[in-house]
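Please read them with the sequence and the coordinates open.

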Amino acid sequence: MKIAIVGVSGAVGQEFLKILETRPIEIDELVLFGSERSAGRQYKFRGEELTVKLLQHNDDFKGIDYALVSAGGGTSKEFAQTITKHGTIMIDNSSAFRMDSDVPLVVPEVNAEDAKNAPRRIIANPNCTTIQMVVALKAIEQLSHIKRVHVSTYQSASGAGAAAMAELEQQYRELTEGKEPTVSKFAFQLAYNVIPHIDVFADDDYTKEELKMYNETRKIMHSDIEVSATCVRVPVMRAHSESVWVETERPVSPEEAREAFRKGEGIVLMDDPQNKVYPMPLFVADHDEVFVGRVRKDLTSPNGLTFWCVGDQIRKGAALNAVQILESLIR
């Protein structure tokens, strides 16, 4: 088994390394690729020092079975043919191919079978907010078809990458020292603030992030489900949170929903609000599962249900999901 990581020096690339280190995948050789900025760096993996190779249009991917790619949409589009031309399966973390009809968009707990049909040898990893939501929605969908979803997200700095996480720390430090905060990765200062703006605005004033949740959810779940999202950046370092309202074809009681979440693949139920038990980013960061709590009836609809879910954006929202796709293909 020969595996490559493309974009190894980024936040998700580093998470690929950490996850592969601990998963029971037999890897004969791991090859690391990066940009000119990161080529030549060394990273330790399973006791070996590996040197990052420069990503180029050549035959470096010949003999590589799978490539975990997290180098941005532009790089993915430019190098997809180079990566796949000798038979390598490319598992791509960017948005470059997600909505292409001949590229499966996969969350293994929901639609692992789709990964088997990848005519271009490309499998797309969904957006982080979509991933954790559909893991939770799958549990409800098995009880009754979900007609529509309203969701508000509370997205951590990690969703904008390692530099954004560093900027949030820097802003708090600068403000504590009485200095003007550095604002580069976000539209505004994030420290002590929330920003209802992630990605660019479309003509209808929804952002691309919000439209991703609509389109990707329908593709992953093979459903006519309607999704309306508001995506907000919050001054949290790592792990995204979501308030989710669902309307099902028949009424689903909170007790039914809790039992479904309890049995759901990849879900941890944390739902005892009277004793202050509910998921929070502070405690969910660095965990693999999607954590669900605050399950209750929606007061405005007889077929409505609402819940709160939290997941680590870098792990389940990105790197772990890609590795789980890899594992499902190997199986």
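1. In which sense do strand β9 and strand β11 pair, and over how many bridges? The model is a predicted one, and in it β9 (residues 146-155) and β11 (residues 240-248) are antiparallel partners joined over eight bridges. Within this pairing, threonine 153 has glutamate 242 of β11 as its bridge partner.

2. These two strands belong to an open sheet of six strands with mixed pairing, arranged in the order β10-β9-β11-β14-β13-β12. The edges are formed by β10 (226-233) and β12 (267-269), each of which pairs on one side only, and the twist from one strand to the next averages 25 degrees.

3. Helix α7 (residues 254-263), for its part, lies across β12, β13 and β14 and runs at about 170 degrees to β13.

4. Helix α4 also meets helix α9 (residues 315-330), and the axes of α4 and α9 come within 8 Å, crossing at roughly 85 degrees; the two helices are therefore roughly perpendicular to each other. On the α4 side the contact involves Cys128, Ile131 and Val135, while α9 contributes Lys316, Gly317, Ala318 and Asn321. By class, the residues of this contact divide into four nonpolar, two polar and one charged.

5. Is asparagine 93 buried or exposed? This residue lies in the loop between β7 (89-92) and α3 (108-111), and it counts as buried because its relative accessibility is 13%, with the cut-off for buried set at under 20%. The side chain of asparagine 93 makes a polar contact of 2.8 Å with the side chain of asparagine 125. Leaving aside residues up to four places away in sequence, asparagine 93 touches Val12, Val69, Ser70, Arg98, Asn125 and Ala318; of these, Ala318 also takes part in the contact of α9 with α4.

6. A separate comment concerns the hairpin of β3 and β4, which has two residues between its strands and, in the turn, arginine 46 with a positive phi of about 50 degrees. Strand β3 (residues 42-45) and strand β4 (residues 48-51) run antiparallel and are joined by four bridges, with tyrosine 43 standing opposite leucine 50 in β4. In a regular strand, side chains alternate between the two faces of the sheet. In β3, Tyr43 and Phe45 make up a covered face, whereas Gln42 and Lys44 make up an uncovered one.

Definitions and conventions: Residues numbered from 1 in each chain as written. Predicted model: local features only at pLDDT ≥ 70, side-chain atom pairs only at ≥ 80, totals over all residues. Heavy atoms only, no water. Pairing = 2+ DSSP bridges. Axes fitted to C-alpha atoms, helices over the stretch in contact; angles between N-to-C directions. Contact = heavy atoms within 4.5 Å. Parallel < 35°, antiparallel > 145°, perpendicular 65-115°, else oblique. Nonpolar A, V, L, I, M, F, W, Y, C, P; charged D, E, K, R; others polar. Buried < 20%, exposed > 50% of the residue type's maximum accessible area, 1.4 Å probe, protein only. Polar contact = N/O pair within 3.5 Å; in protein donor to acceptor, adjacent residues only side chain to side chain.
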